[in-house]
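Hi,

Here is the structure I said I would pass on.

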Amino acid sequence: MRRVAVALIAPLAVTAALLAGCGSSASTPTNTNAGVRISGAAGKAPKVSIPATKPSTSLVTKTLVKGTGPVLASTDSYLANFQVYIWRGKTHKLVFSSYDSTPEVLPVTIGLTGLQSAMSGQRVGSRVLAVLPPKYGYGAQGNSQIGVEPTDTLVWVIDVLQAFTPTQGASGTQITDGGGALPKISSSPATGPAITIPKTSPPTKLVVTTLIKGTGAPVKAGESIVVRYVGSIWRTGKVFNDNWPNSSEPTSPPNVFTLGQLIPGWNTGLVGVPVGSRVMLVVPPAEGYGKTGQKSAGIKGTDTLVFVIDILAAANGATTS
């Protein structure tokens, strides 16, 4: 299910030309797509009724429940529960639902121009419907990863849970920036943490250091969390993974990860850390990728890893504030 969620947005490299190509069109009472009906309370899995007839070519967007939280800016991303249906001819099928797994983070500025139109200016707490004919969705190429054909219409129902700015990181009390026998961490709001590895041998056991202590609820074992992070290799000092925005991806969203499904150092090292914190994990091979390492990332089976992780939220809605 997680792979399906990633496929929904992963192919959508947003360009100025793509965003300029389509606009929103008003729905009318005779518009077939306006016949989509949603029932049920916001925050819970919706009941979706789609007409047993061929969809029209008009974009339909509706705010079903108007939230009272912050307004989504074009550069923001948002934590959401959502369902996606494929509407093909007179039939439809559910292709993804986060309500039976965990919420996901989506960028407001996205290659699905109809969805971007639907979500721009929405407030946290809103429930939104977006009916996207092909030209407002995946276009003539479709999306083979999730079975969307070039002629398919998509129906999205989205509950907006939280918003995140591109540079949003840990917010709390600064405890330390590391140093000494441990890596030293510096930071810029625009680029996130930078890791400087000392010229000494790494620790042989997992080290968990709270750099900034947040004020949120402690993270629980098995919980899903929203994070920004940077990972580097002690041996080389090189960054091998980083999800902070950069010049080529200025609105890159944070990730949602579930403890218990990650490397051991994350699964155990983040339990009990308050939401809003920045934590440094020094992860020996046994707590990382083991003896096999991760060749594609340049990680050997003997490599110790260093992660700096900002815990922005828990999937149950606990925030950094």
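Of the 321 residues in the protein chain, 47% are buried. Please keep in mind that this is a predicted model. The chain's secondary structure consists of four helices and 17 strands. Among contacts with a separation of 6 or more, 75% are between residues 24 or more positions apart. The chain exposes about 14400 Å², and 54% of that comes from carbon and sulfur atoms.

Aspartate 303 sits in the loop between β16 (278-283) and β17 (305-314). With a relative accessible area of 4%, aspartate 303 counts as buried because that value is under 20%. What does its side chain make a polar contact with? The partner is the side chain of arginine 235, at 2.7 Å. A polar atom of the aspartate 303 side chain also lies 2.7 Å from the backbone nitrogen of lysine 300. Setting aside neighbours within four places in sequence, aspartate 303 is in contact with Ile233, Arg235, Val283, Pro284, Pro285 and Gly298.

Serine 49 belongs to strand β2 (residues 47-49). Its relative accessible area is 42%, so serine 49 is partly exposed, falling between the 20% and 50% cut-offs. If residues up to four places away in sequence are not counted, serine 49 touches Gly35, Val36 and Arg37. Histidine 92 is 43 residues from serine 49 in sequence, and their C-alpha atoms are 9.8 Å apart in space.

Best wishes

Terms used:
Residues numbered from 1 in each chain as written. Predicted model: local features only at pLDDT ≥ 70, side-chain atom pairs only at ≥ 80, totals over all residues. Heavy atoms only, no water. Helix = DSSP H or I, 4+ residues; strand = E, 2+ residues; numbered from the N terminus. Buried < 20%, exposed > 50% of the residue type's maximum accessible area, 1.4 Å probe, protein only. Polar contact = N/O pair within 3.5 Å; in protein donor to acceptor, adjacent residues only side chain to side chain. Contact = heavy atoms within 4.5 Å. Areas by Shrake-Rupley, 256 points an atom, 1.4 Å probe, with all protein chains shown as cover.
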